[in-house]
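Please read this briefing alongside the sequence and the 3D structure.

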Amino acid sequence: MIVILDNGHGSNTPGKRSPNGVLREYAYTREIARLIKEKLESEHGIETILLVPEEEDISLGERCRRANQIYTKQAKCDALIISIHNNAAGNGSEWMNARGWEAYTYYGISKSDILATCLYDAARKYLPGMKMREDWTDQDADKEAGFYIFKHTIAPCVLTENLFQDNHEDVDFLLSPEGKEAIVNLHVQGILDYISKIKE
C-alpha cells in the first residue's frame, strides 16, 4: 500500500487563512501531511508520498497527473489518496461560528466510502466532543461532491476538512500541540483501519 497525501493550496493561494493570519492553510496542511508521513513510515512501515512538496500551489491537473502516475507505476493498483484541508465558513476577513470535522468523497459507492468511514470513526475517537459534520442520506457519514481531484484520479480518494480556520476556538485547538497530534492521529488511524478492512 502506498499512501498519497495531497496538502491543500499553496503559499501563493489568496486567502485561505485565519482572520488574524496565525493559521495559513497551505502551511498547516503541509505540516500535518509531513507528520502523518513520518508516523506511517516510522511506526507502521507504510510508504507515504507527499503529492506537493513544493510551497507554492500546484494546479489540480498536475496534482491528479502525479497521483495517477504513482498509482499506476509505483503502487501497482494498491494506493489511496487523502487531500488534507481546513474548512472555512466565510471569506477569511472575520471570525465565524461554524465548527467541526468532515470528509468528502465522490458521488456513488466505492472504496473511497470505506476510507471515509474509517476516517470518521477515527475522528470521533481523537476529537471527542467535537462536532462531526455528517450526511447520512446515502447510509454513510461522508459528504459527496464533484471535486476535481475525485473526478480525475484513479485511486480511492477522500478530502478531509479539518475544523474551521475562521473559528477562533477551532484555530486555537488546531495550532496547539494536542490539536496537531489529534489531527495526525485520526488520519493515521483511519488509514490503518482502511488497510485492515480491504484485506479482510
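Glu 38 is partly exposed, with a relative accessible area of 39%; partly exposed covers the range between buried (under 20% relative accessible area) and exposed (over 50%), with a 1.4 Å probe and protein chains only. This is a predicted model, in which local features need pLDDT of at least 70 and side-chain atom pairs count only at pLDDT 80 or more, while totals for chains, interfaces and linings use all residues. Residues are numbered from 1 along each chain as its sequence is written, and side-chain values use heavy atoms, with hydrogens and water left out.

- Glu 38 forms a salt bridge with Arg 34, and the closest N and O atoms are 3.0 Å apart. A salt bridge is a side-chain nitrogen of Lys or Arg within 4 Å of a carboxyl oxygen of Asp or Glu.
- Arg 34 and Glu 38 are four residues apart in helix H1 (residues 25-44), so about one helical turn separates them. Helices (H or I, at least four residues) and strands (E, at least two) are DSSP runs, numbered from the N terminus.
- Arg 34 is partly exposed, at 37% relative accessible area.
- Lys 37 and Glu 41 form another salt bridge, with 3.0 Å between the closest N and O atoms. Both residues lie in helix H1, four residues apart, which is about one turn of the helix.
- Lys 37 is partly exposed at 22% relative accessible area, and Glu 41 is partly exposed at 33%.

**Other salt bridges**

- How many salt bridges does the structure hold? The count is 14.
- Asp 170 and Arg 99 meet through their side chains in a salt bridge of 2.7 Å, N to O. This pair links distant parts of the chain, 71 residues apart: Asp 170 is in helix H5 (residues 168-175), and Arg 99 is in the loop between S3 and strand S4 (101-105).
- Asp 170 counts as buried, with 0% relative accessibility, whereas Arg 99 is partly exposed, with a relative accessible area of 25%.
- A network of salt bridges links Glu 54, Glu 62, Arg 65 and Arg 66.

**A buried charge without a salt bridge**

- Where is Asp 140 found? Asp 140 is in the loop between helix H3 (111-126) and strand S5 (143-144).
- Asp 140 is buried but has no salt bridge, and the nearest side chain of opposite charge, Arg 124, is 9.4 Å away. For charge, Lys and Arg count as positive and Asp and Glu as negative; His and the chain ends are not counted.
- Asp 140 is in contact with Asp 113, Thr 117 and Asp 135, leaving aside its neighbours within four places in sequence. Contact means heavy atoms within 4.5 Å.

**Cysteines**

- The count of disulfides comes to zero, where a disulfide is a pair of cysteine sulfur atoms within 2.5 Å.
- Cys 118 is in no disulfide either, and the nearest cysteine sulfur, that of Cys 157, is 15 Å away.
- Cys 64 counts as buried at 3% relative accessibility, and Cys 118 counts as buried at 1%.

**Cavity and pocket**

- The count comes to one cavity of 30 Å³ or more. On a 1 Å grid over the protein atoms alone, a cavity is a set of points where a 1.4 Å probe fits but cannot get out, and a pocket is an open set with protein on both sides within 12 Å along at least five of seven lines; lining residues have an atom within 4 Å of a point.
- The largest cavity holds about 40 Å³ of space. Grid points are joined across faces, edges and corners, and a volume is the space filled by probe spheres set on the points.
- Residues lining the largest cavity include His 9, Lys 16, Arg 24 and Tyr 26.
- The largest pocket has a volume of about 310 Å³. Its lining has 21 residues, and those nearest its centre are His 9, Lys 16, Leu 60, His 85 and Leu 159.
- Strand S3 gives the most to the lining of the largest pocket, with four residues.

**An exposed loop residue**

- Ile 109 lies in the loop between S4 and H3 and is exposed, with a relative accessible area of 70%.
- Ile 109 and Asp 138 are 29 residues apart in sequence and 8.9 Å apart in space, C-alpha to C-alpha.
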